[in-house]
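User: Hello! I am new to this one and would like to get to know it step by step. Could you walk me through it?

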Amino acid sequence: MAAENEATKASSDGNGNVVIGPDYKIDPDLTDKKNPKGKSFEFSLKLADSKIFRGDDSTLDPKKAVRESRKIFVYIPAAYKDGTKAPLLVTLDGPSRLNLVRNALDNLTISKDPNRKLPAFIAIAVENGGNDGKGSQRGLEYDTMSDRFARFINDEVLPAVLNNQEIRAAYPKLAFTEDPWGKAAMGCSSGGAAALTMGWFRPDLFRRLITYSGTFVDQQDDDAPEEAKYPLGAWDYHSGLKLIENSEKKPLRIFTHVAENDNRANDAEATYHNWVMANERTAAALKAKGYDYRYVFSKASRHCDGRVFDHTLADTLVWMWRDYEPK
């Protein structure tokens with residue numbers, strides 16, 4: 001897929017396709033500039049207490065361990081004013097890149113450049129339920145083509161944050177926006193697929209979606225009930241059923257990325273497991289449908305490459321949140 005503009009740095013303005021690399025360096029806005037810090041919190045949720053992901057689904061492989069509890073990491077930036085309805089970013093496989101997100105918030109919520117600024121969103125990093133691949137709890141949560149994970153985040157995780165005693169003691173009037181344009185999700189690999197799926201099935205809840213090395217391949221459990229409707233799992237977004245092409249355009253802003261040497265980059269189409277092919281096709285489908293999208297192809301890099309996050313995440317966040325107005 002030809003890039004519309006090649007650059008050594010993915011700027012924070014403009015949609016379209018960007019090629020970066022092979023040289024990478026960390027964006028200064030993702031480093032600690034000694035600006036005022038917010039507050040960090042951590043707590044756990046027992047899977048057995050969940051009504052949505054209890055860790056006992058019949059599709060799970062008994063050989064793949066399930067966590068007894070998942071950690072939830074929360075960062076509330078210094079720029080947040082208690083009592084305001086905050087926008088939020090949910091990141092998957094927590095804590096994931098929360099260190100970079102924290103620095104971006106510290107630096108860019110107080111930026112004097114209106115074109116290089118972030119709203120004071122609250123970052124919530126959610127640990128997966130355990131293990132990986134088909135038959136795992138993580139795979140069930142992230143690779144299933146349904147609104148189940150979006151409901152889990154909205155109905156269980158967000159209320160748990162608001163009701164956490166330590167957080168409530170520090171921010172007695174903490175509140176989240178009800179505006180779906182104020183709710184973002186970010187993940188890498190299957191976490192990236194989950195971020196897209198959250199918005200795809202529930203655009204009434206989440207509309208700003210960030211996917212790095214997205215697993216838009218056939219990773220859904222073979223015995224999942226969803227196989228009847230989506231037989232190729234997330235591969236159906238761009239191929240097979242071509243959901244992006246054949247569905248009514250949804251109110252979403254979508255960032256996608258793939259690395260030159262991403263997972264199974266040389267696999268044949270028939271495997272339904274070529275990450276590069278999957279992401280190229282996803283970006284092409286988003287472009288053809290007229291989505292507000294950005295697609296980054298990173299040279300000389302690998303799956304969920306930390307150097308790519310260091311190089312691009314500040315720009316990605318600024319692009320994702322541009323034009324946001326609190327309601």
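Analyst: Gladly! A term to begin with: contact means heavy atoms within 4.5 Å. This is a predicted model, in which local features need pLDDT of at least 70, side-chain atom pairs count only at pLDDT 80 or more, and totals for chains, interfaces and linings use all residues. Residues are numbered from 1 along each chain as its sequence is written, and side-chain values use heavy atoms, with hydrogens and water left out.

User: Which residues does Leu118 touch, not counting residues up to four places away in sequence?

Analyst: Leu118 sits in the loop between helix 1 (98-108) and strand 7 (122-126). Helices (H or I, at least four residues) and strands (E, at least two) are DSSP runs, numbered from the N terminus. Leaving out residues up to four places away in sequence, Leu118 touches Ala104, Leu105, Leu108, Thr109, Leu317, Val318 and Trp321.

User: Is Leu118 buried or exposed?

Analyst: Buried means under 20% relative accessible area, exposed over 50%, and partly exposed in between (1.4 Å probe, protein chains only). Leu118 has a relative accessible area of 3%, so the residue is buried.

User: And Ser58, is that one buried or exposed?

Analyst: Ser58 has its place in the loop between strand 3 (39-46) and strand 4 (69-76). Its C-alpha atom is separated by 9.1 Å from that of Asp223, 165 residues apart along the chain. With 73% relative accessibility, Ser58 counts as exposed.

User: With which side chain does the side chain of Ser301 make a polar contact?

Analyst: Ser301 belongs to strand 12 (residues 292-302), and its relative accessibility is 1%, so Ser301 counts as buried. A polar contact is a pair of N or O atoms within 3.5 Å; within protein, one must be able to donate a hydrogen and the other to accept it, and residues adjacent in sequence count only if both atoms are side-chain atoms. At 2.6 Å, the partner of the Ser301 side chain is the side chain of Ser298.

User: Stepping back, how many helices and strands does the protein chain have, and what is its radius of gyration?

Analyst: The secondary structure of the protein chain comes to eight helices and 12 strands. The radius of gyration is taken over C-alpha atoms, and the globule rule is 2.2 Å times the number of residues to the power 0.38. For 327 residues that rule gives 20 Å, and the chain comes close to this, so it is as compact as a globular protein of that length, with a radius of gyration of 19 Å.

User: What percentage of the residues in the protein chain is buried?

Analyst: The C-alpha atoms fill a box of roughly 50 × 50 × 35 Å, taken along the principal axes. Of the 327 residues in the protein chain, the buried ones make up 59%.
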